[in-house]
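User: I am new to this structure. Please show it, and then let us go through some questions.
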Amino acid sequence: LATPDNRWNGKAFAHRSFGPQQDDRDYAVAGTVNYQTQQMALTWSQSWVGADYRAEVGFVQRKGYHRLSPAAAYKFFPASRRIANHGPTFSADLYFNEQFARTDREIEIGYAVQFLNLSAASIELEEGYVKLLAPFDPTNTDGDSLAAGREFTWKELSAEYRSNARTLFTYALGARYGGYFNGERLGFDATINYRVQPYGSLALVATYNDIRLPAPYSSATLFLIGPKLDLTFTDRIFLTTFVQYNNQIDNVNVNVRFQWRYAPVSDLFLVFTDNYLPDRFQVKNRALVLKLSYWLN
């Protein structure tokens, strides 16, 4: 739904899954309302997923929860030769179980700056809260797990800068530091992209996290790196190659996708994916997938 000037817009849905055992908890219901002007943006999102809902043709993060997600932002437009606008931001993500007892909370306040050359910078302070619903190893490195039912609250400071997306060479840099469950985390991430028009682009994505937890829980230094190559042979034939190394699970993933758009909104995809151990090149799994879509118009 939207008003003629699009200041108000939103959407809502109600789903029900059907199976042999039916009760009143096999529903998923959600809605979002947005109000936006040149200076202000307000959002309210709410959802409920029943404990017995089955997303056979989709995906849900979990079952048996209520979720509230408000957000707000305000922009000032200064008389500046460099800054287009700047202003505060607020967002919250609140989870409750079906009895409306709190299980997760993430609240962020920040400040964002948009420059006239379309680059942007932001800084955020986040407060996180989690009540574990199951035993959990925060580093996923086969260390001791935190017990189910334990509650954790932490604060984290993050900053990000994105360069002008109109240039051939673009990049984004981010950093964060603060609490993480019962320990601390220092993280960095970077994305670098170079376009060779009209033939394609080459990108590199990297993420680094240094997680420190008290004994007997395992600390870990985790990093992920992945180059990506996009090639455009014609306006209908494309090739994307993505390689990713993840030291957390000691895995190299190779994904190659060929796309032929043989008609409007109609594609043939051929995808090859391979996962293997990097030291011995031992294959974990390998697949070749063919997908064909046709638009009935």
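User: How many helices and strands does the secondary structure of the protein come to?
Analyst: This is a predicted model, where local features need pLDDT of at least 70, side-chain atom pairs count only at pLDDT 80 or more, and totals for chains, interfaces and linings use all residues. Residues are numbered from 1 along each chain as its sequence is written, and side-chain values use heavy atoms, without hydrogens and water. Helices (H or I, at least four residues) and strands (E, at least two) are DSSP runs, numbered from the N terminus. The protein comes to zero helices and 16 strands.

User: Which peptide bond next to Pro198 is cis, and where is Pro198?
Analyst: The cis peptide bond joins Gln197 and Pro198, with omega about 0°. Pro198 sits in the loop between strand 10 (183–196) and strand 11 (200–212).

User: Is Val265 buried, exposed or partly exposed?
Analyst: Val265 lies in the loop between strand 14 (251–263) and strand 15 (266–277). Its phi is positive, about 55°, although Val265 is not a glycine. Buried means under 20% relative accessible area, exposed over 50%, and partly exposed in between (1.4 Å probe, protein chains only). At a relative accessible area of 49%, Val265 is partly exposed.

User: What share of the residues in the protein is buried?
Analyst: The protein has 297 residues. The buried share is 29%.
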